[in-house]
Amino acid sequence: MDTPAHEHWTDLTVRRPDDVRTITGRRIPLPWQMEKRAGHIDRLMNRTLPEDFPDPVERGDAGDVLAVLALSESIRRDLAARRGGDIREAILLGATWTEIAVAIDATPNEARAVLRDWTERQHQLHQREVERGRLLGSDADRHASVLALIELADDEPKAAGA
């Protein structure tokens, strides 16, 4: 994937989580972040090789550790931001609140709270962005449909086609 954006990303020095947002202010895809993180980790692992290692290797330094920390935090934030949408998708595809709770190591009510927080943020985003002429987030109907999913019983799957 040698797009100009990917080339810029590959060359970018990351030292804080917000550095990951420097390309047009948007999130960098998770695979790109993980690839960059893996490269830094590989260089750090090379530090354990003997000094007389026969092949040329690039050994990591403090910058690599800082990049790993910053990228780890960015990835954590991105995954947390997606969590509510992933829960919504699971419910829509027939998972129950009990199953979701097991998957995220929480109670069904804690899982519902994650979805409720996510849908409220999506609805607020929609309200702000409509004023700017952009259709982002969840409109009132979608917001209401997500709130209805929260009302399903712990072991009640969403009805097919509903």
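Student: Why is arginine 43 called partly exposed?
Tutor: Its relative accessible area is 21%. Buried means under 20%, exposed means over 50%, and partly exposed lies in between, with a 1.4 Å probe and protein chains only. So arginine 43 counts as partly exposed.
Tutor: A word on the source: this is a predicted model, where local features need pLDDT of at least 70, side-chain atom pairs count only at pLDDT 80 or more, and totals for chains, interfaces and linings use all residues. Residues are numbered from 1 along each chain as its sequence is written, and side-chain values use heavy atoms, with hydrogens and water left out.

Student: What makes the pair of arginine 43 and aspartate 64 a salt bridge?
Tutor: The N to O distance is 2.9 Å. A salt bridge needs a side-chain nitrogen of Lys or Arg within 4 Å of a carboxyl oxygen of Asp or Glu. The pair therefore qualifies. It links distant parts of the chain: arginine 43 sits in helix α2 (residues 30-45), aspartate 64 in helix α3, 21 residues apart. Helices here are DSSP runs (H or I, at least four residues), numbered from the N terminus.

Student: Is aspartate 64 buried or exposed?
Tutor: Buried, because its relative accessibility is 6%.

Student: How many salt bridges does the whole structure hold?
Tutor: A search finds eleven. One of them joins glutamate 73 to arginine 77, with the closest N and O atoms 2.9 Å apart. Both residues lie in helix α3, four residues apart, or about one turn of the helix.

Student: What are the accessibility values behind calling glutamate 73 and arginine 77 partly exposed?
Tutor: Glutamate 73 has 24% relative accessibility. Arginine 77 has 38%. Each therefore counts as partly exposed.

Student: What separates aspartate 117 and arginine 121 in helix α5?
Tutor: About one helical turn, because they are four residues apart. Their side chains meet in a salt bridge at 3.0 Å, N to O. Aspartate 117 is partly exposed at 42% relative accessibility. Arginine 121 is partly exposed at 36%. Elsewhere, salt bridges that share partners join Arg16, Asp18, Asp19, Glu73, Arg76 and Arg77 into one network.

Student: How do you know that lysine 36 has no salt bridge?
Tutor: The nearest side chain of opposite charge, aspartate 11, is 7.1 Å away. For charge, Lys and Arg count as positive and Asp and Glu as negative, while His and the chain ends are not counted. Lysine 36 lies in helix α2. Leaving aside neighbours within four places in sequence, it is in contact (heavy atoms within 4.5 Å) with Trp9, Thr10, Leu12, Val14 and Leu71.

Student: Why is leucine 71 called buried?
Tutor: Because its relative accessible area is 0%. Leucine 71 is found in helix α3. Beyond neighbours within four places in sequence, its contacts include Trp9, Val20, Gln33 and His40.

Student: Why are α3 and α5 called roughly perpendicular?
Tutor: The axes of α3 (residues 62-92) and α5 (residues 108-131) come within 8 Å and cross at roughly 110°. Angles of 65 to 115 degrees count as roughly perpendicular, under 35 as roughly parallel, over 145 as roughly antiparallel, and the rest as oblique. So α3 is roughly perpendicular to α5. The contact involves Ala81, Arg83, Gly84, Gly85, Ile87 and Arg88 of α3, and Ala111, Val114, Leu115 and Trp118 of α5.

Methods:
Axes are lines fitted to C-alpha atoms, for helices over the stretch in contact, and angles run from 0 to 180 degrees between N-to-C directions. Helices (H or I, at least four residues) and strands (E, at least two) are DSSP runs, numbered from the N terminus.
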